[in-house]
Amino acid sequence: MNNKILVVEDEPQIANFIKRGLRREGYNVLVASDGETGLDMAFGDLPDLIILDIMLPGIDGLAVCRQIREGELQTPVLMLTAKDAVPDRVAGLEAGADDYLVKPFAFEELLARVRALGRRRAPIESDAPLNFADLTLDPTTRMAKRSERVIELTAKEYDLLELFMRHPNQVLTRDQIYDRIWGYDFGGESNIIEVYVRYLRSKLEENGEPRLLHTVRGVGYALREN
Ligand code: CA
């Protein structure tokens with residue numbers, strides 16, 4: 001489960017705002033109100049994600065982040081920085097944070113970052129080759145084959161095909177695909193999924209092979225044999 005979040009924030013109002021919102025979303029939330037406690041909990045409770053304010057009494061957020069990384073803890077860190085404090089953001093990323101959010105922020109904005117970081121460090125997926133029908137995908141080389149025919153894929157085409165290969169015979173909705181492949185930072189309505197599915201199909205079926213990537217009308221797509 002990728003759902004234990006440690007919030008290190010000394011301002012009770014902000015800490016509560018984050019805690020309440022994330023709990024409503026089903027996360028297990030721990031709160032530390034100073035850097036020292038935050039560090040103890042980071043190493044003691046091994047959260048899946050740390051939301052870390054920079055301005056903290058005692059050890060500040062940058063020092064906490066550095067010590068987390070020096071302690072070989074790979075937990076994703078989302079840094080909270082003061083409005084417009086550009087040097088803070090740079091310092092945060094240099095200290096080993098994975099992303100930052102500028103205060104004040106809307107809860108939805110925080111949630112989007114939390115989800116994106118959860119995906120990025122999602123439980124490490126196996127690198128073993130994936131097989132479906134005559135299709136093989138090798139995550140280590142990012143190469144696809146149909147029987148012995150090698151298929152050249154762009155980065156996004158590969159990501160999309162890998163998503164289907166990891167969920168064979170399952171209907172993936174447009175929202176799921178969009179969320180997993182393009183993420184929160186890709187705004188607006190678009191037919192990008194349709195476009196990429198078309199690219200993938202033309203490559204997968206170049207020699208007249210049977211279709212594997214099927215449209216499920218009104219819902220999304222599925223990798224299946226018929
Ligand atoms: Ca603070």
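In this predicted model, glutamate 162 has a relative accessible area of 13% and therefore counts as buried, whereas arginine 166, at 23% relative accessibility, counts as partly exposed. The side chains of these two residues, arginine 166 and glutamate 162, meet in a salt bridge with an N to O distance of 2.7 Å.

**Salt bridges between and within helices**

- Arginine 166 and glutamate 162 both belong to helix α6 (residues 155-166), where they are four residues apart, about one turn of the helix.
- Arginine 174 and glutamate 194 also meet through their side chains in a salt bridge, at 2.6 Å from N to O.
- This pair links distant parts of the chain, since arginine 174 lies in helix α7 (residues 174-182) and glutamate 194 in helix α8 (residues 192-204), 20 residues apart.
- Arginine 174 is partly exposed, with a relative accessible area of 28%, and glutamate 194 is likewise partly exposed, with a value of 23%.

**The calcium site**

- The protein donors of the calcium ion are Glu9 (OE), Asp10 (OD), Glu11 (OE), Asp53 (OD) and Met55 (O), and they lie 2.1 to 3.1 Å from the ion.
- Along the sequence, these donor residues follow the spacing E-D-E-x41-D-x1-M.
- Glutamate 11, in the loop between β1 (4-8) and α1 (12-24), and aspartate 53, in strand β3 (residues 49-53), are 42 residues apart, so that the pair links distant parts of the chain.
- Aspartate 53 is buried, with a relative accessible area of 3%, while glutamate 11 is partly exposed, with a relative accessible area of 35%.

**Charged pairing around glutamate 11**

- Glutamate 11, one of the calcium donors, also forms a salt bridge with lysine 103, in which the closest N and O atoms are 3.4 Å apart.
- Because glutamate 11 lies in the loop between β1 and α1, and lysine 103 in the loop between β5 (99-102) and α5 (107-120), the pair ties together parts that are 92 residues apart in sequence.

How values were computed: Residues are numbered from 1 along each chain as its sequence is written. This is a predicted model: local features need pLDDT of at least 70, side-chain atom pairs count only at pLDDT 80 or more; totals for chains, interfaces and linings use all residues. Side-chain values use heavy atoms; hydrogens and water are left out. Donors are N, O and S atoms within 2.8 Å of the metal (3.2 Å for Na, K and Ca); water is not among the atoms, so sites may look incomplete. Helices (H or I, at least four residues) and strands (E, at least two) are DSSP runs, numbered from the N terminus. Buried means under 20% relative accessible area, exposed over 50%, partly exposed in between (1.4 Å probe, protein chains only). A salt bridge is a side-chain nitrogen of Lys or Arg within 4 Å of a carboxyl oxygen of Asp or Glu.
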